[in-house]
Every structure is written in structure tokens, then in C-alpha cells.
Amino acid sequence: MQFPVTVIDQLDEDQLRKWHDFYGVNADRPRFEEEGIWRRTQQEETASNSGWAGEGDARRRIVHYWHQYGLVDTTAAPSLAMQQMYLYHSVAAPRAEIEVAWEQNHAMLAEGGWKQVGPGRFELGDLRVHLIRVEEHPEDLRAGRKLPADYEVIDTTFTSVNAFPTRTIRRRPWEVLTHGVRVKDTPGKPIYADDLAQLTDFLPFQVEVGCGVSYEAGIPPLHRLHEMYHVNEIEDELLGKGFTFVLAPGQDPLLAEMFLNTEDKVSELSDMYRACFNAEVTPALHALKRMEEAGHMVGPFITNNFDALGARAGFEEEFMRRYDQRIPPVTFHPDAKALVVVGLHADRRWVAKRAREAGLKVFHVDPEGFPRPDGSWFEYPLEAPQTGDVVVRKTATDAIGGLERLLNLSANNGG
């Protein structure tokens, strides 16, 4: 296993320009980093997904990744590569389950050809792994959390030979854990409309985008990351059965793939970054930029996406998907009268809440569903719309394109 790991071989001039303008160290923000955190806990609030049945059920699984990308010189043109890799996995479970998992993990390390270099420390080329087993986790002690008396914890940390994440980065998943379980919003009674015609009475508007815009650009949806890091039972998620947490320590597919099929798995972990880099700006984003230039839309362009599509469309991005701040500050333009939220579900709802408090009318653009693998439609209702909001059940391209046509027609008619 050698680092750096090539993601895209021999970039052409346009790709090199894209890297330097939007991803490299001189870009407006450090998009050369990719990070994700999932924490799955077994407790009463998550019983339907975690199988919680009583106070003795307190299994927990945390996955945190932080990778860095950059250019690597080759004999021809530079290549884009994963230069640093950091993957942290922590699981808490009853001692009997931990004992089985501990033995299985070491058996897989031996089978995968890892070389032991110290207590709990193994190497495979440029990749290192460190396993620790404890009765009480230091972060639980710090936070005053108590697991059941018969529970233990295994921490497994993978790092490339040149990866040195700071302590602040390493502690992020534990900071996220202290936020507690996300409580779902109780939706209000929004107005459902066929298009964004009502928005023409609330100009200029501001925009917040989620994965709906990225999906239209060919970037896989969030469940692709869930699949790669085995956050949930992906079959449940894809087939519309809800989802079940992956919690059993002795049956953890992420660790099995990392121990036994290391090179292929590490290569797969860059799939989302590659897709983001290769994606092109969508018609919806081009239409929004034209509306900004016409004065119908104002910035900044609020985004939860790390794909840089907003910046590449010419917008000043304000990035919301952050782990160092639970609820990042948001800038509403003083002239904005509405906020259009495009393709945004679940916990990314604070911007809309603040917009309402600031007196802005909130519009949601989302088809409220997606196609299953068998071609049928799975209903995926929005969680956050409130009374007074307007919901348009269309894709970004259809809804935003229709709005632009309405505005152009009004302008041509002297409206």
C-alpha cells in the first residue's frame, strides 16, 4: 500500500486550472480536504434504527475520516492524488462482543498481510493502523458519559505515513457526539405550489443549496458515502425501508475491507472526491447566476456542498457544512426578501429557521423522493418546511429554469 494514491491521472490544462482556482491552497477555502463524521448510538430516541430495547443497550459506533488531496508530479502531466489519509473507527459494545471483535480484527490483520510493529500497531507499506481496547474511553470520562458496566471500547485508527491531523481534528467526532441525537423537526403546513411564481413577489431572493444540485451534476447522493463507510445497512436505505445502523463490532464491514482488501478500499474512499472534481456546473446554477446578474438574486450563495460547483458558477460561496461550529453564522443580504432552499433535507435546516426569524419568506425546491433501483419512486418528504413556507416538488433544473422564464417574460412585457 503506497501513498500518494492516484485519483485522476495526468490532469489536462483545464483540470489543472480548476484545481488551482477552486481546490488548491490558494482557493477561497481549502477544498483539498475532505471530511465526514457519523455517530450511531443505541438509545431510546433511535430505537427504530438501532434496535434499542432497554437500558442495557448502549452500543455505539463512530466513523470519522479526514483526507487531503493534492497534485503529484509525473513524467507527463501532474496527477491528482490522495496525499494523506486519516480514518478513525470507534465501537462500544458488551464485553463479550468486544472480545470476539478483538480476536477477529487481529485475525484479519494477519490474513491481510499487515506487519505488527508494536503493541496494537501494524503497518502495510505506507499505511499504519493502531488498535486500542479500553474499559472506559478517555472521551467518555472527559464528558461524564457512563457506558454500562459490562461494556468496552475498541478504537481503530488508520493513518498514511505522512498524515498528522491535529488534536482539534481528532477530537471532532467526540465534540459532535456531545450535541446529542438529532431531534426531528415537526413540519408545519406549508403551501404546495406547481412552480416558483409566488417568488416573483419576494425579490430579490437568496439561495441555500444542498445535495439536490450536486445530484443533477452527476455527483452520487449521500447514501454513496453511507455505502463506502458502511454507516447504515445500505440495502434498507436504497430500497426505501428506512435504515438500520451498523453497530455489531464483530461484523463490521468497513474494518474487514480495510484489513483484507486495503488497496482497493483506499482507492474507493476517493470516489466522492473524484466525482465532485469531475462534475460540471448545472443548468440550474447557470440560471441562478444569470438571475443574480439581473438583480433578481443576491448573495452570498449559501451552500452545504464541498463540490465547488457554486464557486465555479461564479458565486461567492458561504459554506455551512462544518464540524468546527455546530451552527455556523450565516449572512443574509440586507435586500433579500426570500430564501430559496434547493434540495436540502434533515439536519441542514438552521439557515431556513434563521431566515424566518429575519422576516424572509422561505421557498423549498425538492422532488420529495427519489427512484429506487427497481425504477419505482420512493417518497422522501422534507422534514423542515413550516407554516407559511412554499414547497415546489420539482428538480432544481425544472423549478429554477421555470422561474427564469417567468422573470424574462415579465421583463419582456414591461413588468
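**Pocket, strands and cavity**

Analyst: The lining of the second largest pocket consists of 13 nonpolar, four polar and nine charged residues. Please keep in mind that this is a predicted model.

User: What volume does the second largest pocket have?

Analyst: The space in the second largest pocket is about 640 Å³.

User: And which residues lie nearest its centre?

Analyst: Tyr 88, His 130, Ile 132, Thr 157 and Arg 170 lie nearest the centre of the second largest pocket, out of 26 residues that line it. Elements contributing two or more residues to that lining are β4 (79-94), β6 (121-124), β7 (127-134), α4 (138-143), β8 (151-160) and α5 (167-170).

User: Which element gives the largest share of the lining?

Analyst: Strand β7 does, with five residues.

User: Let us stay with β6. Which of its residues are on the covered face, and which on the uncovered one?

Analyst: Phe 122 and Leu 124 make up the covered face of β6, whereas Arg 121 and Glu 123 make up the uncovered one.

User: How many bridges join β6 to β5, and how many join β6 to β7?

Analyst: Strand β5 (residues 115-118) is joined to β6 by three bridges, and the two run antiparallel. Between β6 and β7 there are four bridges, again with an antiparallel course.

User: Which residues are bridge partners there?

Analyst: Arg 121 in β6 is the bridge partner of Gly 118. On the other pairing, Glu 123 has Arg 128 in β7 as its bridge partner.

User: What do the turns look like?

Analyst: Strands β5 and β6 form a hairpin with two residues between them, and Gly 120 in that turn has a positive phi of about 75 degrees. Strands β6 and β7 also form a hairpin with two residues between them; there, Gly 125 in the turn has a positive phi of about 65 degrees.

User: Turning to residues other than glycine: what is the phi of Gln 10, and where does Gln 10 lie?

Analyst: Gln 10 has a positive phi, near 50 degrees. Gln 10 is located in the loop between β1 and α1 (13-23).

User: What about Ala 308?

Analyst: Ala 308 has a positive phi of about 70 degrees, although it is not a glycine. Its place is in the loop between β11 and α14 (309-312). Ala 308 counts as buried because its relative accessibility is 0%, and the cut-off for buried is under 20%.

User: Next topic: which peptide bonds are cis?

Analyst: One of them runs from Phe 3 to Pro 4, with omega near 0 degrees. Pro 4 belongs to the segment before β1 (5-8). A cis peptide bond also joins Gly 299 and Pro 300, where omega is about 5 degrees. Pro 300 sits in the loop between α13 (283-293) and β11 (301-303).

User: How many residues of β13 are buried?

Analyst: In strand β13 (residues 338-342), five of its five residues are buried. Both faces are covered, with Ala 338, Val 340 and Val 342 on one side and Leu 339 and Val 341 on the other.

User: Which strands are joined to β13?

Analyst: Strand β10 (residues 205-209) is joined to β13 by five bridges, and the two run parallel. In that pairing, Val 209 stands opposite Val 342. Five bridges also join β13 to strand β14 (residues 361-365), likewise in parallel. There, His 364 in β14 is the bridge partner of Val 341.

User: Which residues line the second largest cavity?

Analyst: The lining includes Val 209, Val 213, Ser 214, Leu 285, Phe 301, Thr 303, Asn 305, Asp 307, Leu 309, Gly 310 and Glu 317. Two or more of the lining residues come from each of α7 (211-216), β11 and α14. By class, five are nonpolar, four are polar and two are charged.

Technical notes: Residues are numbered from 1 along each chain as its sequence is written. This is a predicted model: local features need pLDDT of at least 70, side-chain atom pairs count only at pLDDT 80 or more; totals for chains, interfaces and linings use all residues. Side-chain values use heavy atoms; hydrogens and water are left out. On a 1 Å grid over the protein atoms alone, a cavity is a set of points where a 1.4 Å probe fits but cannot get out, and a pocket is an open set with protein on both sides within 12 Å along at least five of seven lines; lining residues have an atom within 4 Å of a point. Grid points are joined across faces, edges and corners, and a volume is the space filled by probe spheres set on the points. Ala, Val, Leu, Ile, Met, Phe, Trp, Tyr, Cys and Pro count as nonpolar, Asp, Glu, Lys and Arg as charged, and the others, Gly among them, as polar. Buried means under 20% relative accessible area, exposed over 50%, partly exposed in between (1.4 Å probe, protein chains only). Two strands pair if DSSP finds at least two bridges between them.
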